[in-house]
Amino acid sequence: MHKKSMLFACITVLAVVAFMAGCAGMTAKPTEKNFKAPTVTLSHVEVQTYWGWWFFSKKIKPAKGKPGNYGAPLDLAFIFEIKNPNDFPVLMEKLQFTVGFEEYDINTVGSTEAMWIPAGKTNEIRIHSILDARQTQLSLLVTGGFKLKKAGKSFWDMLEKWWTQIPDFSFPVHVRDGSALFKADGLVKAVSFNAKFP
Amino acid sequence: MDFKKKWFKSAAFIIIPALVLGVSGVALAASVKVGALNDVTGATSDVGKDYALGIADAIRYVNDNGGVNGKPIKLYQFDYGYRIPEALTKYKLFKRLGCVAVLGWGTGDTEALSPTITQDKMPYVSASYSAHLTKASKTPYNLFAATDYSTNARAAITAWYDTRWKKHPDFGKRKPKFVCSYHFAHPYCSAPIKAIKDQAKLLGFEVGPDQNVSLVAIDAKSQVLAMKDFGADLVWHGNTTMSVSATIRDAFALGLKADHIVNNWGFDENLPRLAGKAAEGVMGAAVCAFFGEKVKNMDKVVEYAKKYNPGVPLEKRLIRTVQAWANVLALWEAMKRADKAGDLTGEGILKKGFETFKGVDIGLGVPPLTYTATDHRIAGKAPIYEIKNGKFQLVELVDLKGRWPEKWEKEWLGW
């Protein structure tokens with residue numbers, strides 16, 4: 001009986017030691033020195049849903065609802081690859097960037113949902129930028145109005161071009177001023193990124 | 001057998017509490033939920049984007065420094081595109097999520113939400129500094145860590161009168177001529193108009209016809225020509241930076257011989273960049289220090305901008321970031337006080353937090369904050385700056401409360 005108990009205890013101790021050693025082997029301890037910056041790469045951009053090009057001014061009486069300045073929506077999805085080059089998992093807490101059509105900034109979007117990226121692995125994340133022609137007109141005028149004026153371009157021409165040509169991506173869509181925030185065991189690393197599609 | 005029993009007992013003693021603690025770890029670190037409404041895509045995105053970045057940076061700073069007495073803040077931050085219906089929808093979401101306070105944005109949505117937040121007892125710290133939100137008996141849950149638009153407007157016209165008109169050759173011979181340029185339909189732009197015209201009357205101005213300039217204007221020639229016809233000596237600009245710079249550029253190009261004073265959302269580091277020479281001599285209200293100025297706590301603002309948004313160059317950051325920090329730091333202090341008093345509720349944050357402030361110094365060039373149960377104007381003095389060689393210089397710290405104490409106390413609150 002005593003022998004049996006001893007054997008049982010030994011097996012338990014060995015199992016615990018083996019488990020702990022296994023865990024220790026799986027992940028290194030993050031330090032300032034060994035925490036490498038993860039990379040954020042734009043894989044591609046998709047037109048997630050397309051409603052075409054249209055705009056109704058508030059002078060038009062709608063069949064239902066209230067009159068207003070309503071423009072066609074545009075749902076773009078940005079798919080990023082987030083690569084963790086470390087030997088330990090990292091937590092991505094934030095990813096944010098500005099969407100640009102050609103040289104004009106249009107929208108700022110991101111995700112603040114936490115995402116764990118396993119050691120040495122690459123995760124993918126899809127971030128939507130939902131625009132509409134009216135919002136884009138306002139944003140374009142307050143942030144790029146002088147640029148348009150200097151270039152002798154009308155904002156209506158630009159909006160129509162973008163909304164009708166986006167299915168083919170005949171103009172470049174930019175990711176600007178991007179930043180992502182990663183954490184590992186209390187350490188923080190922020191990375192910046194920019195990209196262009198196609 | 002005995003040994004086995006003991007072993008299982010010991011294991012249970014160690015493993016069960018560990019499991020319980022592990023599972024409930026998240027619950028133990030209970031967070032304080034705060035909502036934020038921002039405009040990064042709408043008609044005020046020229047100033048709203050930087051403010052939104054500042055809100056997120058400041059909340060990170062708060063959490064890195066213990067949150068609300070050990071409880072981290074969970075921020076729900078949304079872009080509402082400066083659309084009032086969207087703001088109302090998002091506010092309802094904040095309530096469902098259990099937010100204890102909201103960091104709001106525009107005047108239209110803040111004023112529209114004011115009766116609702118009063119009923120809900122939800123502290124609403126906005127980037128709208130409309131004086132309509134300062135009368136605590138009417139809008140008790142509206143707050144902001146800045147001097148209000150009407151105080152800014154009264155201070156700006158007074159500073160111009162003191163420093164420019166008194167040196168003008170026509171001083172004492174005729175009335176100075178004054179016009180207002182702003183987007184009539186937007187509550188932010190129209191909020192201080194009544195107050196600035198009242199101050200103009202007080203100082204003896206002749207007031208000309210208002211000029212309607214869109215918030216998204218890139219051309220304001222017809223309005224500038226109307227100002228010229230009137231013979232304006234001074235123009236108040238009530239829009240945001242992009243539209244203000246368009247008007248000032250056109251005024252310069254068309255030879256309008258008037259000076260310009262600007263409300264705070266039209267007066268930032270982008271104004272001299274966009275308006276160039278036309279911005280020289282323009283005066284305006286700034287409710288805090290400009291980004292990077294050497295004042296208390298600015299080192300934190302710059303550090304967090306660098307640390308958490310490395311993709312955005314520092315030269316693109318604006319005073320808007322600093323304004324966002326000011327609101328967050330004020331709310332943080334109020335929440336810590338309420339929590340310490342054991343009442344981290346909307347009512348607690350207001351009464352045991354904000355309304356206990358007596359000259360609280362949050363740095364950042366913001367005047368010391370005082371809120372009372374009747375008056376949510378933070379201070380009676382407002383600094384007015386001017387642009388010289390592309391840089392901002394203090395012209396005068398206008399002491400409205402000191403110069404017109406009776407009017408300040410009895411007449412000017414709430415509009």
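**Backbone, helix packing and interface**

Mentor: A:Pro198 sits in the segment after S10 of chain A. Keep in mind that this is a predicted model.

Trainee: Which kind of peptide bond joins A:Phe197 and A:Pro198?

Mentor: Look at omega. The bond between A:Phe197 and A:Pro198 is cis, with omega at about -5 degrees.

Trainee: What is the phi of B:Tyr82?

Mentor: Phi of B:Tyr82 is near 65 degrees, which is a positive value in a residue other than glycine. B:Tyr82 belongs to the loop between strand S2 (73-79) and helix H4 (84-97) of chain B.

Trainee: Next, helix packing. At what angle do helix H3 and helix H12 of chain B pack?

Mentor: Read the angle together with the axis distance. Helix H3 (residues 45-64) and helix H12 (residues 298-308) of chain B pack at about 105 degrees, and their axes are 9 Å apart. Angles of 65 to 115 degrees count as roughly perpendicular, so H3(B) is roughly perpendicular to H12(B).

Trainee: Which residues make that contact?

Mentor: H3(B) contributes B:Asp57, B:Arg60, B:Tyr61 and B:Asp64, while H12(B) contributes B:Lys300, B:Tyr304, B:Ala305, B:Lys307 and B:Tyr308. By class, the residues of this contact are four nonpolar, no polar and five charged.

Trainee: How do the axes of helix H13 and helix H14 of chain B cross, and at roughly what angle?

Mentor: The axes of helix H13 (residues 319-340) and helix H14 (residues 346-353) of chain B come within 8 Å and cross at roughly 100 degrees. That makes H13(B) roughly perpendicular to H14(B). On the H13(B) side the residues are B:Leu331, B:Ala334, B:Met335, B:Arg337 and B:Ala338; they meet B:Gly348, B:Ile349, B:Lys352 and B:Gly353 in H14(B). Five nonpolar, two polar and two charged residues take part in the contact of H13(B) with H14(B).

Trainee: Now the interface. How many residues of chain A and chain B are in contact?

Mentor: In chain A, 31 residues are in contact with 35 residues of chain B. The area buried between chain A and chain B is about 2,800 Å², and carbon and sulfur atoms give 59% of that. Within chain A, the most area is lost to chain B by A:Val142, A:Phe146 and A:Asp177, together 26% of what that side buries.

Trainee: How many salt bridges and polar contacts cross the interface of chain A and chain B?

Mentor: The rule finds four salt bridges across the interface of chain A and chain B. B:Lys316 and A:Asp177 meet through their side chains in a salt bridge, at 2.8 Å from N to O.

Trainee: Which elements of chain A each supply at least two residues of the side that touches chain B?

Mentor: They are helix H1 (2-26), strand S5 (90-101), strand S6 (104-111), helix H2 (133-151), strand S9 (173-184) and strand S10 (187-197). H2(A) gives the largest share of that side, nine residues. The side of chain A that touches chain B divides into 12 nonpolar, 13 polar and six charged residues.

Note on methods
Residues are numbered from 1 along each chain as its sequence is written. Chains are lettered from A and ligands numbered from 1 in the order in which they are written. This is a predicted model: local features need pLDDT of at least 70, side-chain atom pairs count only at pLDDT 80 or more; totals for chains, interfaces and linings use all residues. Side-chain values use heavy atoms; hydrogens and water are left out. Contact means heavy atoms within 4.5 Å. Buried area is the accessible area (1.4 Å probe) that two parts lose on being put together, summed over both. Helices (H or I, at least four residues) and strands (E, at least two) are DSSP runs, numbered from the N terminus. Ala, Val, Leu, Ile, Met, Phe, Trp, Tyr, Cys and Pro count as nonpolar, Asp, Glu, Lys and Arg as charged, and the others, Gly among them, as polar. Axes are lines fitted to C-alpha atoms, for helices over the stretch in contact, and angles run from 0 to 180 degrees between N-to-C directions. Angles under 35 degrees count as roughly parallel, over 145 as roughly antiparallel, 65 to 115 as roughly perpendicular and the rest as oblique.
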